[in-house]
Amino acid sequence: MNVDSTLKALLDKLGVPVARLKYNGRAACFITYQLVVGRDTLFSDDEEGAQEYTYQINIYSKTDYFALLQRLKTALKAAGFYGITINAEVYEQDTGYYHVPVEIKYMEV
C-alpha cells in the first residue's frame, strides 16, 4: 500500500464524504485532499533513501467540525503521518462552509 492509498483509506474511515481535489456532492461536511509535494530525501552516496510526501487535507463543514478534526489528527498520527499543521480556518460566505486546511507529511523508506 502506498502513501496515497493509505491516506485515502484513513480518510474514508472518518465517516464523511472524501474526494481528491474537488467534491461534487452536497454534504454538510466533507473532506478533500491533494498531493502538494513529493521529494527525495535521506541521501547516502548520492542515492535517495526515502520519499517524503506533503499533502493538504481540507475539511469543509457547515457545523462544528472540531470533533472531526480531533479524530483526523489521531488517525493520522496512528498511521505514521507527521508534521501535522492546522492552518487558519476561514468561513466561506458564498458557500456557507467553514474551511480548515491541514498540512501533513509522510515518509516512505
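I began with the pair of helices: Leu7, Leu10 and Leu11 in helix 1 meet Leu72, Ala75 and Leu76 in helix 2. I sorted the residues of this contact by type and got six nonpolar, no polar and no charged. I note here that the model is a predicted one.

Next I looked up how the two helices lie. Helix 1 covers residues 3–12 and helix 2 covers residues 66–78. Their axes come within 10 Å and cross at roughly 145°. I recorded the crossing of helix 1 past helix 2 as right-handed.

**Whole chain**

I then stepped back to the protein as a whole. I listed two helices and six strands. Read from the N terminus, the order of elements is α-β-β-β-α-β-β-β. The C-alpha atoms fill a box of roughly 50 × 25 × 25 Å along the principal axes. The protein has 109 residues, and 37% of them are buried. I also looked at contacts with a separation of 6 or more, and 52% of these join residues 24 or more positions apart.

**Core**

Which residues touch the most other members of the largest nonpolar core? I found Leu7, Leu11, Ile31, Ile57 and Leu72, out of 24 residues in that core. Leu7, Leu11 and Leu72 were already in my entry on the helix contact. At least two core residues come from each of helix 1, strand 2 (29–41), strand 3 (50–61), helix 2 and strand 6 (97–108).

**Asn58**

Asn58 is in strand 3. Is Asn58 buried or exposed? Asn58 counts as buried because its relative accessibility is 4%, and the cut-off for buried is under 20%. Its side chain makes a polar contact with the side chain of His99, at 2.8 Å. Not counting residues up to four places away in sequence, Asn58 touches Phe30, Ile31, Thr32, His99, Val100 and Pro101.

**Glu108**

I moved on to Glu108, which is in strand 6. What does the side chain of Glu108 reach at 2.7 Å? I found the backbone nitrogen of Val3 there. With neighbours within four places in sequence left aside, Glu108 is in contact with Asn2, Val3, Ala50, Gln51 and Tyr53. I also checked Glu108 against Gly49: they are 59 residues apart along the chain, and their C-alpha atoms are separated by 8.9 Å.

**Leu21**

My last entry is on a backbone angle. Most residues other than glycine have a negative phi. Leu21 is not a glycine, yet I read a positive phi of about 65° for it. Where does Leu21 lie? I placed Leu21 in the loop between strand 1 (18–20) and strand 2. With a relative accessible area of 57%, Leu21 is exposed.

Conventions:
Residues numbered from 1 in each chain as written. Predicted model: local features only at pLDDT ≥ 70, side-chain atom pairs only at ≥ 80, totals over all residues. Heavy atoms only, no water. Axes fitted to C-alpha atoms, helices over the stretch in contact; angles between N-to-C directions. Helix = DSSP H or I, 4+ residues; strand = E, 2+ residues; numbered from the N terminus. Left-handed = near helix turned anticlockwise from the far one by under 90°. Contact = heavy atoms within 4.5 Å. Nonpolar A, V, L, I, M, F, W, Y, C, P; charged D, E, K, R; others polar. Core = buried A, V, L, I, M, F, W, Y, C linked by side-chain atoms within 4.5 Å. Buried < 20%, exposed > 50% of the residue type's maximum accessible area, 1.4 Å probe, protein only. Polar contact = N/O pair within 3.5 Å; in protein donor to acceptor, adjacent residues only side chain to side chain.
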